[in-house]
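User: I'd like to talk through a protein model with you, starting from the overall picture and then going residue by residue. Could you put it up first?

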Amino acid sequence: MGNGKRNYGEWSKEELIREILALKKQKTYGLVWEREKTKEDFDLFINWEGEKTKEEFNPESKDKFPVLAEVKENEISSDKYKPVNLLIEGDNYHSLAVLNFTHKEMVDVIYIDPPYNTGNKDFKYNDRYVDKEDVYRHSKWLSFMSKRLALAKKLLKDSGVIFISIDDNEVAQLKILCDDIFREENFICSIIWQKVYSPKNQSRLISVDHEYILAYSKVNSFIDFSLLPRTESMDRRYKNPDNDPRGPWQSGDLIANEERKNGHYIITGPKGDNFNAPAGKHWAYTKENLLRFINDKRIWFGKEGRSFPRIKQFLSEVQQGRKASTFFFHTEVGHNDEAKKELKKFFEQSEDLFSTPKPTRLMKQLFRLCNNKDAVILDFFAGSGTTGDAVLSLNEEDKGKRKFILCTNNEDNNGTGLKICTDICYPRIQKVIKGYNTTDKQKIEGLGGNLKYYKTDFVEAEQTDKNKRKLVDNCTDMLCIKENTFEKVKDAKKFKIFKNEKNHLGIIFDDECIDEFVKEAEKISGKINVYVFSHDDSVPTNEFKTIKKRVSLKPIPEAILKVYRAVFKE
């Protein structure tokens, strides 16, 4: 989108080579936006460097390794048999980078509600709101989104799906961006969500009553959506006027279009009336089958027994579900006003918290499409925590064991003085788990569940005792997250052992203490997943021979290992 001239005379040879290679890769059709240099710095995670659209992060993060640090006092534990959910406070870019170490190809569903870039103080870039007059407005938003979506894609399983809420301001740009990142053949559909319950008569030209939800799969051939529950209105069509013991039914047509040679024969009703298919049509069934249906009392001749016959279609025999439609009506999934009322249950100061919150019914409908009740669901624009609320509620409804990962920053929210993560998102999830009294004094029972709270942090790749201690602690946290194993069994100086209801986790920080670890592991029954930090690429399998049938040696993510070796360099 930029039209500034490039002064190639000032570029180095390496920069010119990168530019040539990048130009060769440019598409004749697609999305091109301002990024003055095509240089791509890969400092453990993707980071585009463009002069006009370069995203600036906290100086604390520069040239450092992103990690997670647990905030132990914010942990919520109410039921050890329920899943452990995660809330990560920090820039979602760094959160996604760390999740690429802990959850690569492990996420089933991603839902995000990013800033819509309306120009009305809804999108902040480099600590400044982007207004409508900013000539790089769309470029900044695309740069912001592209880095995050590229990292998010790596988290999805091949059978995974991403849902992205958006409105008219960026839907066209987002569609082309997602076609590039997720591939056009993996586009599923654009869902139209009716966000209001009545048109806005004060609108200047036309009332905009909808938003979009773009849906993409990771690999289209792997995706399989569940049927949605039947609605009450669908079931109300079924009655039982003759008290049939098979339950409610509705009548269906026995006649099919087109004339057929063998499609005409006489059927006699209970009162002796004869019936035949009308001219130009035919019976939909053979005479043999239709007589069988009559004997089985599946044919309805009306209350008086003299009407043209119709077939009974029993509710108990129809498909117990329905295909999702691309139209999500507010009557079924809620609207903005409903979402605002939901927030008001939790917070007195709800009016100014979020201008366009999403209702939990909308989130639940999206998550129902995933046919895995143990799904891992990620929202890296978590905001008020609606996704977490919806996951806990859906688990309560269908006895699922879905887990959520919420990522959000902790900035002041819309000038309210409330911090997004610590004052809004976390308290809401805490209330949903533990129970609470609404702002109008109504008592709501808790849904139960567990939550681990983390903050993004950074480790320098320098050999200091502080960095060594910090890296060991943070790597332990991240591997526990990766294995979903948090209960500590052994806390030795150079190795640690944890467990969950299924497995044990062993983390060895010095390969010279493997013998000591093995002796401890011999006391444990069941499977043990083991990670070994070493100064070279050798895998010491022989040292685990006494427990080899129970041990699964797992590779440490390369980026973590690289920093570990730098910090602990001999």
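What follows is a conversation about this model.

User: What kind of model is it, and how are residues numbered?
Analyst: This is a predicted model, in which local features need pLDDT of at least 70 and side-chain atom pairs count only at pLDDT 80 or more, while totals for chains, interfaces and linings use all residues. Residues are numbered from 1 along each chain as its sequence is written, and side-chain values use heavy atoms, with hydrogens and water left out.

User: How many helices and strands does the chain have?

Analyst: The chain has 14 helices and 29 strands; helices (H or I, at least four residues) and strands (E, at least two) are DSSP runs, numbered from the N terminus. Taken along the principal axes, the box filled by the C-alpha atoms is roughly 100 × 70 × 55 Å.

User: What share of the chain is buried?

Analyst: Of the 570 residues in the chain, 49% are buried, where buried means under 20% relative accessible area, exposed over 50%, and partly exposed in between (1.4 Å probe, protein chains only). As for contacts (heavy atoms within 4.5 Å), 69% of those with a separation of 6 or more are between residues 24 or more positions apart.

User: On to helix 13, which of its residues are buried?

Analyst: In helix 13, residues 514-521, the buried ones are Ile514, Phe517, Val518, Glu520 and Ala521. Seen down the helix axis, these fall within an arc of 160°, so they line one face of helix 13; the arc is that of the directions from the helix axis to the C-beta atoms.

User: And what do they pack against?

Analyst: The buried residues of helix 13 pack against strand 25 (487-491), strand 26 (495-499), strand 27 (504-508) and strand 28 (528-532).

User: How many residues of helix 9 are buried?

Analyst: Helix 9 (residues 360-368) is mostly covered, with 7 of its 9 residues buried, and these are Thr360, Leu362, Met363, Lys364, Gln365, Leu366 and Phe367.

User: Where is Glu211, and is it buried or exposed?

Analyst: Glu211 is found in strand 11 (residues 210-217) and is buried, because its relative accessible area is 2%. The side chains of Glu211 and Tyr116 are joined by a polar contact of 2.7 Å, a polar contact being a pair of N or O atoms within 3.5 Å, where within protein one must be able to donate a hydrogen and the other to accept it, and residues adjacent in sequence count only if both atoms are side-chain atoms. Not counting residues up to four places away in sequence, Glu211 touches several others, including Ile166, Asp167, Ile192, Trp193 and Lys358.

User: You mentioned Ile192, so what does that one touch?

Analyst: Leaving out residues up to four places away in sequence, Ile192 touches His210, Glu211, Tyr212, Thr326, Phe327 and Phe328. Ile192 is found in strand 10 (residues 187-194) and is partly exposed, with a relative accessible area of 23%.

User: What about Thr102?

Analyst: Thr102 has its place in helix 2 (residues 92-102), and at 1% relative accessibility Thr102 counts as buried. Its side chain makes a polar contact of 2.8 Å with the side chain of His103, and, leaving aside neighbours within four places in sequence, Thr102 is in contact with Met478, Ile481 and Lys482.

User: Which non-glycine residues have a positive phi?

Analyst: Among them are Asn117, with a phi of about 60°, and Lys441, with a phi of about 70°.

User: Last topic, what lines the second largest pocket?

Analyst: The second largest pocket is lined by 40 residues, of which Val84, Asn484, Thr485, Asn500 and Glu501 lie nearest its centre. Elements giving two or more residues to that lining include strand 5 (84-89), strand 24 (450-459) and helix 12 (465-483). On a 1 Å grid over the protein atoms alone, a pocket is an open set of points where a 1.4 Å probe fits, with protein on both sides within 12 Å along at least five of seven lines, and lining residues have an atom within 4 Å of a point.
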